[in-house]
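Dear colleague,

Please find the structure below.

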Amino acid sequence: MQAQAMVLAAGRGERMRPLTDSCPKPLLEVQGRPLIGWHLEALADAGYGETVINTAWLGEQIESRYGHRLGGMRLAYSHEGRDFGGALETAGGIARALPLLDEVFWVVAGDVYVPGFAFDHEALQRFASGTALAHLFFVPNPEHNPKGDFGLRADGIALNRGEPSYTYSTIGLYRKAFFDELPAGNPRGEKVPLAPMLRRAMDNRQVTAQLHTGPWTDVGTPQRLAQLNSP
């Protein structure tokens with residue numbers, strides 16, 4: 001079985017230092033549970049059979065914490081730090097893990113807090129039956145990103161720029177074909193950011209999106225983490 005979800009957990013978390021000097025950012029706890037644990041448990045509860053986690057900075061701690069099974073869900077790892085000495089950025093990391101992934105799959109960053117998000121099988125199947133290369137979940141712009149990232153048309157087409165503008169939640173559905181411009185499996189460990197690839201695909205009208213209005217926090221600073229853990 002190939003995985004239908006990938007959790008991104010390779011980043012250094014520079015802005016979270018000193019908390020991340022000895023703990024990988026996805027293992028920082030919110031409400032008594034590691035950030036990555038919220039995603040993994042949601043995916044397991046939704047009935048997905050396998051999820052891939054990419055690691056780099058202190059990645060052995062993540063594998064030690066979760067092992068290779070969570071309930072009925074298997075966990076596979078793409079160890080960028082072990083294989084290449086560091087993280088490969090978002091697109092490079094996904095490309096590296098493609099041999100482990102199904103033709104369509106979820107991607108979610110391990111350092112966002114989005115309780116209650118449904119990794120819906122119906123959403124995955126709708127995406128699989130369409131033609132878009134990616135389907136993104138946007139959120140209303142937070143204070144730290146007031147101008148947003150991308151535009152959204154009323155018909156659900158995501159735009160490189162335009163109004164209204166929203167923030168990319170770091171949750172999305174992707175096809176393997178989205179990454180065709182990269183070497184299969186990224187064997188040389190190329191560091192490739194995702195945003196430029198998304199913008200090019202948007203310019204070709206190959207990306208759709210929808211707005212998620214539930215709780216969502218990019219846990220990018222110790223202050224935001226402390227706020228989430230306040231009584």
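A residue is called buried when its relative accessible area is under 20%, exposed when over 50%, and partly exposed in between (1.4 Å probe, protein chains only). Helices (H or I, at least four residues) and strands (E, at least two) are DSSP runs, numbered from the N terminus.

This is a predicted model, in which local features need pLDDT of at least 70 and side-chain atom pairs count only at pLDDT 80 or more, while totals for chains, interfaces and linings use all residues. Residues are numbered from 1 along each chain as its sequence is written, and side-chain values use heavy atoms, with hydrogens and water left out.

The protein chain contains 7 helices and 14 strands. Of its 231 residues, 55% are buried. The C-alpha trace spans about 45 × 40 × 30 Å along its principal axes.

In helix α1 (residues 35-45), the buried residues are Leu 35, Ile 36, Gly 37, Trp 38, His 39, Leu 40 and Leu 43.

Asn 186 is found in the loop between β12 (165-175) and α6 (195-203). Asn 186 counts as buried because its relative accessibility is 2%. Its side chain reaches the backbone oxygen of Gly 92 at 3.0 Å. Apart from neighbours within four places in sequence, Asn 186 is in contact (heavy atoms within 4.5 Å) with Phe 84, Leu 88, Gly 92, Ala 95 and Arg 96.

With kind regards

Methods: Polar contact = N/O pair within 3.5 Å; in protein donor to acceptor, adjacent residues only side chain to side chain.
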